[in-house]
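The sequence and structure are shown first.

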Amino acid sequence: MTRNLITVDDLDRDEIERYLSLTDRFAEVMQRDLKKVPTLRGRVVVNMFFESSTRTATSFELAGKRLSADVINVKGSGSSVDKGETLKDTVLTLNAYRPDVLVIRHKSVGACAAAARYTDAAIVNAGDGTHAHPTQSLLDLYTLRRRGVSLEGLHVAYVGDVMHSRVARSGAAAFRTMGAKVTFIAPPTLLPPGLEEGLGGRASHDIRDIADADVVYVLRMQHERMGDGGFVPSLREYSREYGVGHERLRPGQLVMHPGPMNRGVEITDALADDPEVLVTAQVESGMLVRMAVLYDLIAGPAEHVRNVPVEEVAA
Amino acid sequence: MSAAGRVLMDDDQVRRTIARMAHEIVERHADPRAVTLVGIHRRGVPLAARLARDIAEFAGTAPDMGTLDIALYRDDVGTGVPVLGETDVPFDVSARPVILVDDVLYTGRTVRAAIDALFDFGRPPQVQLAVLIDRGHRELPIRPDHVGKNLPTARHERVYVHLTEVDGADEVVLAESGPAKGTA
């Protein structure tokens with residue numbers, strides 16, 4: 001049976017723990033002089049990025065290469081997608097190469113689930129519109145875990161453009177699965193209705209509410225999804241009301257951002273350059289987590305090991 | 001703790017066999033302190049630790065130790081078991097002889113993978129193999145240098161090495177083909 005990673009909602013706590021343990025093993029590989037293992041020799045990973053991406057696309061590519069898979073990258077622009085080829089036809093075309101994994105980023109919600117109908121390859125959702133971005137959630141969890149932060153009881157505040165954020169949607173679900181508490185802080189126009197019921201976090205319009213959070217997760221203003229706008233009066237006003245800088249943080253608070261950062265909008269220049277901010281650590285975790293995901297999807301069904309206790313896995 | 005099957009070695013026999021292997025390693029190496037032991041996950045790891053302890057007793061110095069998980073080097077990726085153990089080789093493998101340690105030698109595929117994994121860390125001047133049980137049926141040209149016990153078996157039989165650190169007791173059990181649990 002083909003296994004996919006479409007949304008983090010499909011993962012229970014044990015499965016997330018298993019991914020985090022697996023990621024630790026690849027962190028060890030990346031500390032070696034020779035940072036490559038032969039595990040996925042002869043396997044084919046196709047990265048299909050119909051939306052722009054630097055971090056996710058490069059990290060999936062490098063993750064595949066570090067595992068010795070053959071990696072093909074297809075971009076939206078410059079491919080037949082420019083000529084009007086549908087997602088279905090593109091998937092069917094690439095499926096002829098018999099890929100083991102298709103990594104898909106697409107602007108439409110549900111694109112990955114749709115693509116899964118046309119291929120036997122495992123599908124990894126690398127972001128579908130405003131819906132989900134499961135590997136981002138896993139890398140966020142891993143980044144904190146690696147710093148020794150306990151996820152149970154952790155308080156995470158997402159600040160900014162929650163409305164358009166698959167990072168917040170997937171992240172909140174993953175954090176809650178792991179026993180963390182989530183708050184969303186944004187102007188009313190950028191908080192989707194039904195948020196508290198849907199995502200189970202508290203919603204607030206007051207930036208001062210970040211004071212309670214252990215982790216301040218700054219979200220990118222997604223201009224490209226805002227169409228004609230009207231979501232904020234001006235970026236300058238948004239920045240004044242909701243921009244995160246050192247003056248709004250208390251000592252010891254951790255700051256995360258999925259990148260790319262709009263400096264001077266949702267995050268101040270000075271904070272963006274602060275080495276304490278976890279952005280670079282998140283990028284590093286991204287490749288490790290994606291190695292774990294590619295390995296896990298190809299290495300096969302894990303049903304019989306699903307309930308192996310963590311201490312036993314680490315033994 | 002015994003699986004259904006015949007107990008071939010009890011805890012005392014396991015202990016004495018490991019001690020004898022340690023003696024043999026000390027005898028056969030001009031400078032036993034220069035050898036390094038690398039345990040293959042999973043029961044090779046506690047086995048290597050016990051050998052190291054005995055070698056320390058006989059030779060005066062404990063050899064350096066490492067652990068190797070070979071899951072990323074298997075020739076059958078895609079058949080499940082994606083649980084990975086720890087790999088930790090905290091010394092330069094290019095400098096001194098390495099003795100790979102595992103509980104059971106069977107087809108030789110695990111050892112093949114372990115040699116590949118080891119060479120990703122450097123180029124050892126010599127690699128040897130120490131196993132508690134050699135049950136035969138090799139599928140690759142691999143032979144052990146230090147053997148605790150040669151055990152003629154049929155392919156349908158399974159050999160389970162239980163070690164206190166992992167299983168709560170020391171024993172070696174020969175059983176008829178059953179669920180693939182522990183070490184086959």
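Chain B contains four helices and eight strands, where helices (H or I, at least four residues) and strands (E, at least two) are DSSP runs numbered from the N terminus. Their order along the sequence of chain B is β-α-β-α-β-β-α-β-β-β-α-β. The model is predicted: local features need pLDDT of at least 70, side-chain atom pairs count only at pLDDT 80 or more, and totals for chains, interfaces and linings use all residues. Residues are numbered from 1 along each chain as its sequence is written, while chains are lettered from A and ligands numbered from 1 in the order in which they are written.

**Overall form of chain B**

The C-alpha trace of chain B spans about 45 × 40 × 30 Å along its principal axes. For 184 residues a compact globule would have a radius of gyration near 16 Å, and the 16 Å of chain B agrees with this. That radius is taken over C-alpha atoms, and the globule rule is 2.2 Å times the number of residues to the power 0.38. Of the 184 residues in chain B, 45% are buried. A residue counts as buried if 20 or more other C-beta atoms lie within 10 Å of its own, as exposed if 12 or fewer do, and as partly exposed in between, with C-beta atoms placed from the backbone. Among contacts in chain B between residues at least 6 apart in sequence, 67% join residues at least 24 apart; two residues are in contact if their C-beta atoms, placed from the backbone, lie within 7 Å.

**A three-stranded sheet in chain B**

Strands of a sheet pair through backbone hydrogen bonds, either parallel or antiparallel. In chain B, an open sheet of three strands has the order E1-E8-E7, and the pairing is antiparallel. Strand E1 (6–9) and strand E7 (157–162) of chain B are at the edges with a single partner strand each, so one side of each has no neighbour in the sheet. Neighbouring strands of this sheet are turned by 30° against each other on average, direction ignored. For such angles, axes are lines fitted to C-alpha atoms, for helices over the stretch in contact, and angles run from 0 to 180 degrees between N-to-C directions. Six bridges link E7(B) and strand E8 (residues 171–176) of chain B in the antiparallel sense; two strands pair if DSSP finds at least two bridges between them. B:Val161 is opposite B:Val172 in E8(B).

Chain A is assigned domain 1 (8–132 + 282–300) and domain 2 (148–277), with bounds that come from an automatic or database domain assignment. The centres of domain 1 of chain A and domain 2 of chain A, taken over C-alpha atoms, are 26 Å apart. Their contact takes 13 residues from domain 1 of chain A and 13 residues from domain 2 of chain A.

Strand E1 (residues 44–49) of chain A runs parallel to E3(A) and is joined to it by five bridges; A:Phe49 has A:Arg105 as its bridge partner in E3(A). E3(A) is also joined by five bridges to strand E4 (residues 122–128) of chain A, again parallel, and A:Val101 has A:Ala122 as its bridge partner in E4(A).

Helix H10 (residues 279–299) of chain A has 21 residues and should span 30 Å at 1.5 Å a residue, which agrees with the 30 Å between its end C-alpha atoms. The expected span is 1.5 Å times one less than the number of residues. H10(A) is mostly covered, with 17 of its 21 residues buried.

| Bond | Omega |
|---|---|
| A:Gly259 – A:Pro260, cis | about -10° |
| B:His41 – B:Arg42, cis | about 15° |

A:Pro260 is in the loop between strand E9 (254–256) and helix H9 (269–272) of chain A. B:Arg42 is in the loop between strand E2 (36–40) and helix H2 (44–59) of chain B.

A:Ser68 has phi near 70° and lies in the loop between helix H2 (55–66) and strand E2 (70–75) of chain A. A:Ser68 is partly exposed, with 16 other C-beta atoms within 10 Å. B:His137 has a phi of about 65° and is located in the loop between strand E5 (127–134) and strand E6 (146–150) of chain B. B:His137 is partly exposed, with 14 other C-beta atoms within 10 Å.
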